[in-house]
Amino acid sequence: MKMLINVPETVVADALRGFAAAHPELTVDVENRIVVRRDAPVAGKVALVSGGGSGHEPLHAGFVGPGMLSAAAAGEVFTSPVPDQMVRAAAAVDSGAGVLFVVKNYTGDVLNFDMAAELAEDEGVQVAKVLVDDDVAVSDSLYTAGRRGTGATLFVEKIAGAAADEGAPLERVESIARRVNAASRSFGVALSACSTPAKGGPTFDLPPGELELGVGIHGEPGRERRPMMTAREIADVAVDAVLDDLDPSGPVMLLVNGMGGTPLLELYGFGAEVHRVLKERGVPVARTLVGNYVTSLDMAGASVTLCQADEELLRLWDAPVQTPALRWGR
């Protein structure tokens, strides 16, 4: 498998050096692998800190900036950051108003963020946590107990980040983040396996002519394998899986997310089919975002995330944001 890297051992550090060169508006600590808003800490503002294994870019470093995260910690590929990284990040952005940890539901992330919260509180930082667990495909998987955290992470970080920028107190920002997670569901489909730098090839076997329904963002097994399907057929399966669990009573926000190896030409075509299914099911779509946001290295495929919306969540979603991966309203 050909990869545009030097050696597997330095791939994360090399990427962070490049990220720093491309985004001088952020402070990138390559040695400790944390990315921080350059204006942090912002007086009186609740800070949002997240992080996870590398390989899911632009999640999370690409979401650091006004209107979203205050800081992000990067682990090795598909490996949680260590507690010291989160503690450093929290200390760098805490203004005294408190810090919200946004944690995807994977065992390593949960354990390390829990430990980091205890250590940060020992240093006088008030910490709250929200767990993102939106994936409806399976209840337990290779990396987690319970549902996996996937596309809803973007909705949580954007909407809670906007609330924090408005000056909401920690308890309110935490409440909004939990509300967004509870209102969100996701389902992913893989057309090919991803390839990690360390292995140099696919992480699991997906024969030609087959796809994996309900795949996780680390290549975890899903619900079933089927012969290759059309975009129309995949949209029917993915949307119905989400709606079977969410059952929205009003408009939704839609994320059509690429897994990293699927071009936008295909993602927009798939998005059209997702809109078709939602219209047929009587679900109005208030906002749509299409692109590669919560990825799995070079995996071909896509995921569908729906978040039941109300006026407040839509207002916070529309609020200005300026990060490497999301920019509008400024």
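A crossing of two helices is right-handed if the near helix is turned clockwise from the far one by less than a right angle. In this predicted model, helix α6 passes helix α7 in a right-handed crossing. Helix α6 spans residues 231-246 and helix α7 spans residues 264-280. The two helices pack at an angle of about 50 degrees, and their axes are 9 Å apart. Angles between 35 and 65 degrees count as oblique, and α6 and α7 are therefore oblique to each other. On the α6 side, the contact is made by A231, R232, I234, A235, D236, V239, D240 and L243. The residues contributed by α7 are F270, E273, V274, R276, V277, L278 and E280. By class, the contact of α6 with α7 comprises nine nonpolar and six charged residues, with no polar ones.

One of the α7 residues in this contact, F270, also touches V256. The latter residue is placed in strand β12, which covers residues 252-258. With a relative accessibility of 0%, V256 falls under the 20% limit and so counts as buried. Apart from residues up to four places away in sequence, V256 touches L267, F270, G271, L289, V290, G291 and S303. The C-alpha atoms of V256 and S186 are 9.8 Å apart in space, while the two residues are separated by 70 residues in sequence.

The contact of α2 with α3 has eight nonpolar residues, one polar residue and one charged residue.

The loop between β4 (71-77) and α2 holds S80. Because its relative accessible area is 14%, under the 20% limit, S80 is buried. The side chains of S80 and N112 make a polar contact at 3.1 Å.

Definitions and conventions. Residues are numbered from 1 along each chain as its sequence is written. This is a predicted model: local features need pLDDT of at least 70, side-chain atom pairs count only at pLDDT 80 or more; totals for chains, interfaces and linings use all residues. Side-chain values use heavy atoms; hydrogens and water are left out. Ala, Val, Leu, Ile, Met, Phe, Trp, Tyr, Cys and Pro count as nonpolar, Asp, Glu, Lys and Arg as charged, and the others, Gly among them, as polar. Helices (H or I, at least four residues) and strands (E, at least two) are DSSP runs, numbered from the N terminus. Buried means under 20% relative accessible area, exposed over 50%, partly exposed in between (1.4 Å probe, protein chains only). A polar contact is a pair of N or O atoms within 3.5 Å; within protein, one must be able to donate a hydrogen and the other to accept it, and residues adjacent in sequence count only if both atoms are side-chain atoms. Axes are lines fitted to C-alpha atoms, for helices over the stretch in contact, and angles run from 0 to 180 degrees between N-to-C directions. Angles under 35 degrees count as roughly parallel, over 145 as roughly antiparallel, 65 to 115 as roughly perpendicular and the rest as oblique. Contact means heavy atoms within 4.5 Å.
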